[in-house]
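Subject: Structure handover

Hi,

Here is the structure I promised to pass on. Please open it beside this email and follow along.

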Amino acid sequence: MNTNKLSLGIVGGGPKSWIGHVHRISARFDDKYEIVAGVFSRNAKLSINFGKTLGISKDRCYSTFKEMALKESKRNDGIQVVSIMTPPSSHQIIAEKFIEKNINIISDKPFAGNLDQAKKLYKKIKSNKKIKYALTHNYSAYPMVREAKVLIEKDKIGKIEYVNVEYIQDWSGGTKINVRNAKKKLKWKIDNKIVGASAVLNEIGTHAYHLATYISGLKAEKIFADIKQISKKIKMDDNAQVMINFTNGAKGMFWTSVMAKGGVYGLRIRVFGSKGSLEWVQNDPNYLKLNPDKGAVRYLERGFHNAELSKKFSRIKFGHPEGYLDAFANIYREFADSLKNKSKKRYFYPNEDEGLETAKFINACKVSSKNKRWVKIK
Ligand SMILES: NC(=O)c1ccc[n+]([C@@H]2O[C@H](COP(=O)([O-])OP(=O)(O)OC[C@H]3O[C@@H](n4cnc5c(N)ncnc54)[C@H](O)[C@@H]3O)[C@@H](O)[C@H]2O)c1
């Protein structure tokens, strides 16, 4: 084995999981990790067989994450990092097992299933100075999103006044969801014990809120939310509109939906400041629109001379498209660098502080929607 690479173990992301594939590609993208161990499914036989197809040695294809944490921690060449890509409510309990064994964590979102779990996980991460934690809020890793973040830090659009963010999908697949087909179509997403506090907010709303706070540098202070469920019989949250008052006085509008018919992967954000605005749309990720309050609109292009910071997070020369996988892999690349580099270099990958904020936001949305009132984030 190449000793320069970090040894990586994986929990979740079995054969049918799309995001499992994304994590494995991202880990290999920059040759910083070697996938050496894993438990990929709740079904032990399936997990072991799948592990073998990835070239993992038989003795490191495990049946449960507990077994993997224990056995890997006893090996001299045990895993240094574990990536977790299981459904939301299991993130806390799995991460904690590996934190106890001093193994660094890359976890998919949401940070945890609900606020209670999030607080416990946060405490556990902070209690172990030997480990680091990264959360794959992957949209924040697009080069032009990071460019936007730094332009705002440099006061290019002035004091932030309004933020408008939306992330919509259509999980109906063109058919009407009813009690007969809901389980087959939506699987664990209709089970609150697995999806956690809210399906739409835990699955995609969390990305939108994270993106809004990541780019703007603001946090929500108070929110008013209106959350809808599929029906009285299928109590899965499928749509949420939220008014946000940010800590600096800025106002925000947030919309997330998984039943917006025909709305496929609609993630976009607009941030308006006292001197102009910025707009980024995931379907056109290589560009950032900068609208000054006076003068012509400017399109900033990834990797081009007018978007200096973005070059640090790109691999493909400007003019050629770069996208989702490249951005996802930025989190893996930076995390590997942060584990090896002891200097005080700035890292842009999302961490446990951001994770806890998203859980607080989602919890406040639930309380607000239930009681039909403004709720403070705490
Ligand atoms: N960052 C993103 O853009 C993005 C996109 C899709 C999904 N996700 C997140 O990834 C996670 C998984 O979602 P999914 O759509 O892949 O779900 P999925 O149901 O398709 O796959 C989950 C996999 O994890 C396995 N698993 C569950 N519990 C396990 C356990 N205890 N030990 C080992 N394996 C276990 C399952 O068998 C399955 O193979 C969720 O948290 C979801 O929010 C993130």
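A37 is buried, because 24 other C-beta atoms lie within 10 Å. The cut-offs are simple: a residue is buried if 20 or more other C-beta atoms lie within 10 Å of its own, exposed if 12 or fewer, and partly exposed in between, with C-beta atoms placed from the backbone.

Before going on, note that this is a predicted model: local features need pLDDT of at least 70, side-chain atom pairs count only at pLDDT 80 or more, and totals for chains, interfaces and linings use all residues. Residues are numbered from 1 along each chain, as its sequence is written.

Back to A37. It is found in strand β2, residues 33-39. (Helices, H or I with at least four residues, and strands, E with at least two, are DSSP runs numbered from the N terminus.) Which residues is A37 in contact with, leaving aside its neighbours within four places in sequence? They are G9, I56, R60, Y62, M68, E72 and I79. Contact means that the C-beta atoms of two residues, placed from the backbone, lie within 7 Å. Take E72 from that list. A37 and E72 are 35 residues apart in sequence, and their C-alpha atoms are 8.3 Å apart in space.

Now the whole chain. It has eleven helices and 14 strands. Its radius of gyration is 21 Å, close to the 21 Å that the globule rule gives for 378 residues, so the chain is as compact as a globular protein of that length. That radius is taken over C-alpha atoms, and the rule is 2.2 Å times the number of residues to the power 0.38. Along its principal axes, the C-alpha trace spans about 65 × 55 × 40 Å. Of the 378 residues, 48% count as buried. Look at contacts between residues at least 6 apart in sequence: 69% of them join residues at least 24 apart.

Next, the ligand. There are 23 residues around it, and G12, G14, S17, I19 and S41 come nearest. Here, near means that a residue's C-beta atom, placed from the backbone, lies within 6 Å of the molecule. Two elements give two or more residues to this shell: β1 (6-12) and α1 (18-29). By class, the shell has eight nonpolar, ten polar and five charged residues. (Ala, Val, Leu, Ile, Met, Phe, Trp, Tyr, Cys and Pro count as nonpolar; Asp, Glu, Lys and Arg as charged; the others, Gly among them, as polar.)

Then some strands. β10 (266-273) and β11 (276-281) pair antiparallel over six bridges. Strands pair if DSSP finds at least two bridges between them. G273 has G276 in β11 as its bridge partner. β10 and β11 form a hairpin, with two residues between them. β11 also runs antiparallel to β12 (287-292), and four bridges join these strands. There, L278 stands opposite L290 in β12. A hairpin of five residues' link joins β11 to β12.

Last, the domains. Domain 1 is 6-138, and domain 2 is 140-318 + 352-376. The bounds come from an automatic or database domain assignment. The C-alpha centres of the two domains lie 26 Å apart.

Best wishes
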